[in-house]
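Notebook open, viewer open. I'll jot down what I look up as I go.

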Amino acid sequence: MKMIKKNIALATGLLLMGSTASFAQSLADAKKAIDAEQYQKATSMLKTLVANQPKEGDNYFNLGKVYLLTDNIDSARAAFTNGTTADPKNALNFVGLGQADLSQGNATNAKTNFDKAIGLKAKDYATYLAIGRAYIDQVDKKNIDYAQALPNLQKADELDSKDKDPETFLALADFYAMQRKNTEAYPQYLRALDINPNLYRANVQIGKMYKDAFAFPEAEAEIKKVIAADPNYGPAYRELAETQNQWSFADPKNGAAKKAESLENMRKYLDLTDKSFDSRLRYAQFLFYASDFATLEKEVSTLNAPDPKDPKNFIVARMRGYSAIENKNFEQGLKYMNELFGRTQDASRIISSDYLYLGKAQLATGQDSLAVINVTKGVELDSTKVEELANIGLKYFNDKNFPKAAKVYDKVVKVNSKNPSLAMAYFYLGTSNYVSSKGTDMALLRAADSSFVKLLELAPEYEAAQLYRARTYKLLDDPKEPKGLAVPHFEKYIQMVTVDKPEKASTPQNQRGLVDAYNYLGAITAATDKEKAKEYFNKTLAIDPQNALAIDNLKFLAGPSTPAKKTPIKK
């Protein structure tokens, strides 16, 4: 009987040992899935662990971390809260709650939860490591507090005195790399790899560090080391794709090839993940940045979050609109963008490009007035996109709708004083007002001149601006008793194209401009200096031998006597 009991006890012990080993292995597998960015798989595994081991706080903590990585803060908070109840002595779930607080911009509550964690495990390096990571592992980079992160990461390093955990050095390396402090980051990555040469995340992060420094060949080589060691490590393909995509923009000569490689590697990444909603969403976002709008439109057409209330559906709706518009499906794109703006619960998430794409669709479907309003809103939110507004102005200009062109360009020059195309915006603004004046609206002519003055300040050698200044002053003058207001401006124009840069005098535009200038100066000087006037008109004929105005004035000046009245100036 004793032998039977002994065998039963031994069997029970073996079962418990097997259960514990299975649990440990399962948690390790879940962490491996998280590292591989297989978040759906990791979530499923951790939910099973929580159900089977309801008192193990680490299960709840890792489940909450997955939710944070996929930006499901409410679900994360629920997991961490359940963890504090199930395992009150587990400090990590309080750290998780603090990270959720930081994600929602509540640093005060975060500090309270971190202090609770430290109160439970003040001598455990893992507590400080988790707090340090909580500060830097923020989806919204505006929530990162580097000043608070560093002392916690340093404390973790201090407490892990035997340097057993490479994650400490990986976190320190990430801390520095995220701030572009590569000199400090690199040796920390190497320390992590010394402890665990198979910590592929470190190699990928080194590659990312090179990429962020625009050292694309070095980044590619570093990441390919990981793929050679483990062809199934998905994050390496994602980082390689992102590196090659950026490289394609920096190297136009090989850009198409690099872009194709990047798309291929991103598809491999998707295949190696669980193709969950979050994985596909990341793939869709990559397609947008890679400008593969045809594929993007197909991808997002079937992309929906499992929960209709998931806020990430807003991002999907945005990409549906963007891709349709980029593919010139303007009617469909406009429908999607109107649906996007109709999501009142997401009003605070509307960004500059949303207004710009809405305006682009409206412009293409004949809703010009609404397009101007929305593109203006977009540019006001992001003045670097001012060319989107300028494009509307140019459309009006090319359609010879000069009053509308002037109104748009007036906004363009005001919204961004550092716009690299500001000079041309002033040209179109000035010219639009000049033409709109029809030679009689003095206010518009003065506004035109103001634009040409600004233009010449930005581009002093741009002779077309000087010519338009002269023509503007010609119209501003009294047609019956001209005072010669345009004289100095025409003389400056002649100086610019015949003396300063004589090679410009032969262009058709400047040939016409010189004829205009010589005829004007000849008419103005005819009453006071007949010979000088003849000289100007002869210069006109040297350019345009059949010019009727010059011929008539020369005949008039060659008559037996010169009348007292002034030679008329042709407007």
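Before anything else, a note on what I call a helix: a DSSP run of H or I with at least four residues, numbered from the N terminus. By that count N152 lies in helix 8. I also keep in mind that this is a predicted model.

**Entry 1: N152**

I stayed with N152 for a moment. Buried or exposed? N152 has a relative accessible area of 12%, so it is buried, the cut-off being under 20%. Skipping residues up to four places away in sequence, I found N152 touching Y128, L129, I131, G132 and Y135.

**Entry 2: the whole chain**

Then I zoomed out. How many helices and strands does the protein chain have? I got 29 helices and zero strands. The radius of gyration came out at 36 Å, while the globule rule gives 25 Å for 571 residues, so the chain is more spread out than a compact globule. Along the principal axes, the C-alpha atoms fill a box of roughly 150 × 45 × 45 Å.

I looked up burial for the chain too: 48% of the 571 residues count as buried. For contacts with a separation of 6 or more, I noted that 52% are between residues 24 or more positions apart.

**Entry 3: nonpolar cores**

Which residues touch the most other members of the largest nonpolar core? That core has 57 residues, and the ones I wrote down are L46, V95, F114 and Y189. Helix 9 gives the most to this core, with eight residues. Another core lies apart from it, with 42 residues, including V226, A236, Y355 and Y357.

Leaving out neighbours within four places in sequence, F114 is in contact with V95, G98, Q99, L102, I131, A134 and Y135.

**Entry 4: second largest pocket**

Next I went for empty space. Rolling a probe the size of a water molecule over the atoms shows where such space is left. The second largest pocket has a volume of about 560 Å³. I found 23 lining residues, and the closest to the centre of this pocket are Y67, N72, S75, D310 and K312.

Where does the lining come from? Helix 2 (39-52), helix 3 (57-69), helix 4 (73-86) and helix 15 (277-289) each supply at least two residues. Helix 2 has the largest share, five residues. By class, I wrote down seven nonpolar, eight polar and eight charged residues for the lining.

**Entry 5: positive phi**

D163 has a phi near 55 degrees. D163 sits in the loop between helix 8 (146-159) and helix 9 (166-177), and with a relative accessible area of 28% it is partly exposed.

R180 also turned up, with a positive phi of about 65 degrees, and it is not a glycine. I placed R180 in the loop between helix 9 and helix 10 (182-195). How accessible is R180? Its relative accessible area is 53%, so it counts as exposed, which takes over 50%.

I clicked on F249, which lies in helix 13 (residues 234-250). Outside four places in sequence, F249 touches K259 and Y289. I also took a C-alpha distance: F249 and Y200 are 49 residues apart along the chain and separated by 27 Å.

Then R471, in helix 25 (residues 463-476). At 18% relative accessibility R471 counts as buried, because the limit is 20%. Which residues does R471 contact once its neighbours within four places are set aside? I listed Y434, F490, R512, G513 and D516.

Last up was Y518, in helix 27 (residues 508-525). Y518 is buried, with a relative accessible area of 8%. Leaving aside neighbours within four places in sequence, Y518 is in contact with I494, T498, Y536, K539, T540 and I543. I checked one C-alpha pair here as well: Y518 and N538 are 20 residues apart along the chain, and 8.6 Å separates them.

Technical notes. Residues are numbered from 1 along each chain as its sequence is written. This is a predicted model: local features need pLDDT of at least 70, side-chain atom pairs count only at pLDDT 80 or more; totals for chains, interfaces and linings use all residues. Side-chain values use heavy atoms; hydrogens and water are left out. Buried means under 20% relative accessible area, exposed over 50%, partly exposed in between (1.4 Å probe, protein chains only). A nonpolar core is a set of buried Ala, Val, Leu, Ile, Met, Phe, Trp, Tyr and Cys residues joined through side-chain atoms within 4.5 Å. Contact means heavy atoms within 4.5 Å. On a 1 Å grid over the protein atoms alone, a cavity is a set of points where a 1.4 Å probe fits but cannot get out, and a pocket is an open set with protein on both sides within 12 Å along at least five of seven lines; lining residues have an atom within 4 Å of a point. Grid points are joined across faces, edges and corners, and a volume is the space filled by probe spheres set on the points. Ala, Val, Leu, Ile, Met, Phe, Trp, Tyr, Cys and Pro count as nonpolar, Asp, Glu, Lys and Arg as charged, and the others, Gly among them, as polar. The radius of gyration is taken over C-alpha atoms; the globule rule is 2.2 Å times the number of residues to the power 0.38.
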